[in-house]
Amino acid sequence: MSKTLAEKIWDEHIVRRADGEPDLLYIDLHLIHEVTSPQAFDGLRLTNRAVRRPDLTIATEDHNVPTLNIDKPIADPVSKLQVDTLRANCKEFGVRIHSLGDAEQGIVHVVGPQLGLTQPGMTIVCGDSHTSTHGAFGALAFGIGTSEVEHVLATQTLPLIRPKTMAINVEGTLKPGVTSKDIILAIIAKIGTGGGQGYVLEYRGSAIRALSMEARMTVCNMSIEAGARAGLIAPDEKTFEYIKGKPHAPKDFDAAVAYWSTLFSDADAKFDVEINLDANELEPFVTWGTNPGQGLPLNASVPNPAEITDAEERGAAERALTYMGLTAGTPLKKIAIDTVFLGSCTNGRIEDLRSAAEILKGKKISSSLRMLVVPGSARVRLQAESEGLDKVFLDAGAEWRSAGCSMCLGMNPDQLAVGERSASTSNRNFEGRQGKGGRTHLVSPLVAAATALRGTLSSPADL
Amino acid sequence: MEKFIKHTGTGVPLRRSNVDTDQIIPAVYLKRVTRSGFEDGLFAAWRNDPDFVLNQEAFKKGTVLVAGADFGTGSSREHAVWALQNYGFKAVISSRFADIFRGNSLKGGLLTIIVSQEEVEALWSAIESKPETAITVDLETRTVSYDSTVLNFVIDDYTRWRLMEGLDDIGLTLKQTESIDSFEKTRADYKPKTLPILK
Ligand code: SF4
């Protein structure tokens, strides 16, 4: 019977299937971090349970760590306790951990792929909704809650209801200056933040195949912003090439490739829903509101809520404009920015840093703003430094930080002040996401860099 | 887990759609390593506003939250469920929930109930005009009832049974250890392990 890619992976991981019950699915890799794991380990202790497969589990510190002075103890005692708790739990239960200061420390979704642990055909979970990132390798990867973290620790399985499948076909060629971030922002604006609920998304088409692995990760990363728990892309030569030579690449590489090459949706497989997007038409995208679906091409103006017919959407747009301090009709390119954030699991990889550095090289950022450059992992930071990118950023007047989630979420010391406005390469523009009262515009690394130079939302073409 | 069979309480009308998990509990409140005490972070940004529904005397004691569509979008933080439970909520009613939030809530014993948007609107009007309206959420009969209205909702048999018995998912899965053992024997050996690579 013909199957979609997601169905193939699902079926290969069924440990037990019974009528009227969720499928019990085997989990190949479990990533953990400090914020969503302490209560799970506590649960194990209370019930006297062990971690079934520490050898399929790996931890890193990312959400709650500072990106300055990382050689000093963490200043905030509550954050310190959370990080210390993770370290103690990993020690007690025998889980490998990459702590602050370690060359492999970093955002959990950057660390997995760079170690070569993320591979096609796997099931991957993490107590973090952006686990969908790993889908770029043709893995079925999704975020879970803390009870599920505990469940996977104890059993290496999860009881799950089989999701529906949605194909998103992106055909054509991107114009210069348009990136994979713009593809995914356009998809979310099209299907809405609830459009993917209950589905696994499969991104397909010539525009997706043309993307690098890192650009594919950016697309899959934001599947959750479209409401989908997982999004994936069929593996190809680029995928195999990317994994080759990584520390955890399979020793019997040929056997692995032989299997990986079977991982695609069959030609006559039926998706529950299909969506089409024309890549030729895409422009750099930016969000104007407080959910990721409230986005427009950079050349547009702030929308007028009065023109929105759906009452619910109109109300949301009105509230968003008030929160964002924007007036309908203002050209998006006239919006002045206070802080540019380049980083996160969406756009904190080496290619993202390279593409921004290329624009900033030999130039100075606007004196009206600050720019934070935060590599997604310590490894990315080292790589960037070996290429001299740190100097480019510093010479341009930006700050060069250590690895972590940083300003992607208002939890660690890197936060927006009340009313402060950012152009951010991260993935969520919710109210207060980057700090209480902070105002977020989601953008690509290219738009972030161009904006840093001009002080207002800009695309590289404006330079 | 506590059994959930039937609950009667008053409602809290939250007339907002797309309430994401950063609104339910902002990240700064996620630093605790316990499962309790998250009520102080619940809707933190809105609680400063004296007009916010939970600051109104009439709704302070409510245990059934009635929210706009797409409740719980955003992050996978289960803290959002704990914050609602720690505050005292037993059930949330909406026309649409985000997948991960719904999964988390049903695992943790917070009943999330889907009814149509019109039914949500009617319920809002009923509680706003008479905050003391008793709302009964009955998992046995899969109904929500208030005044003379009875709404049916859908929940799969398995989840319903688990909630009504108060069963722990992990305990249930551990009964399948033999199936897990035999599945593991068939796994390909080129699949990666996280053991440190010795150079
Ligand atoms: S970078 Fe942002 S989205 Fe990614 S894992 Fe960290 S907090 Fe979550």
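**Residue classes and conventions.** Ala, Val, Leu, Ile, Met, Phe, Trp, Tyr, Cys and Pro count as nonpolar, Asp, Glu, Lys and Arg as charged, and the others, Gly among them, as polar. The model is predicted: local features need pLDDT of at least 70 and side-chain atom pairs count only at pLDDT 80 or more, whereas totals for chains, interfaces and linings use all residues. Residues are numbered from 1 along each chain as its sequence is written, chains are lettered from A and ligands numbered from 1 in the order in which they are written, and side-chain values use heavy atoms, with hydrogens and water left out.

**Figure 1. Surroundings of the ligand.** The shell around the ligand comprises five nonpolar, five polar and two charged residues. It is formed by H63(A), I107(A), H109(A), D128(A), H130(A), S344(A), C345(A), C405(A), C408(A), L409(A), N427(A) and R433(A). A residue is placed in this shell if one of its heavy atoms lies within 4 Å of the ligand.

**Figure 2. Interface of chain A and chain B.** In this interface, 78 residues of chain A are in contact (heavy atoms within 4.5 Å) with 58 residues of chain B. The size of an interface is often given as the accessible area lost when the parts come together. Here the two chains bury about 5,700 Å² between them, with 55% of it on carbon and sulfur atoms; this buried area is the accessible area (1.4 Å probe) that two parts lose on being put together, summed over both. Q39(A), R52(A) and Q197(A) supply 11% of the area that chain A buries against chain B, more than any other three residues.

Figure 3. Nine salt bridges are counted between the two chains, each a side-chain nitrogen of Lys or Arg within 4 Å of a carboxyl oxygen of Asp or Glu. One salt bridge joins the side chains of K31(B) and D76(A), at 2.6 Å from N to O. Helix α5 (residues 146-155) of chain A contributes seven residues, the largest share of the side of chain A that touches chain B. Helices (H or I, at least four residues) and strands (E, at least two) are DSSP runs, numbered from the N terminus. By class, that side of chain A has 27 nonpolar, 29 polar and 22 charged residues.

**Figure 4. Two residues with positive phi.** N48(A), a residue other than glycine, has a positive phi near 60°. N48(A) lies in the loop between α2 (38-47) and β4 (57-60) of chain A and is exposed, with a relative accessible area of 73%. Phi of D70(B), likewise not a glycine, is positive and near 60°. D70(B) is in the loop between β2 (64-67) and α3 (79-87) of chain B and is buried, with a relative accessible area of 6%. Buried means under 20% relative accessible area, exposed over 50%, and partly exposed in between (1.4 Å probe, protein chains only).

Figure 5. E202(A) is found in strand β10 (residues 199-204) of chain A and is buried, with a relative accessible area of 4%. Its side chain is joined to that of S265(A) by a polar contact of 2.5 Å. Not counting residues up to four places away in sequence, E202(A) touches L5(A), M166(A), A167(A), I168(A), L232(A), A234(A), S265(A) and F271(A).

Methods: A polar contact is a pair of N or O atoms within 3.5 Å; within protein, one must be able to donate a hydrogen and the other to accept it, and residues adjacent in sequence count only if both atoms are side-chain atoms.
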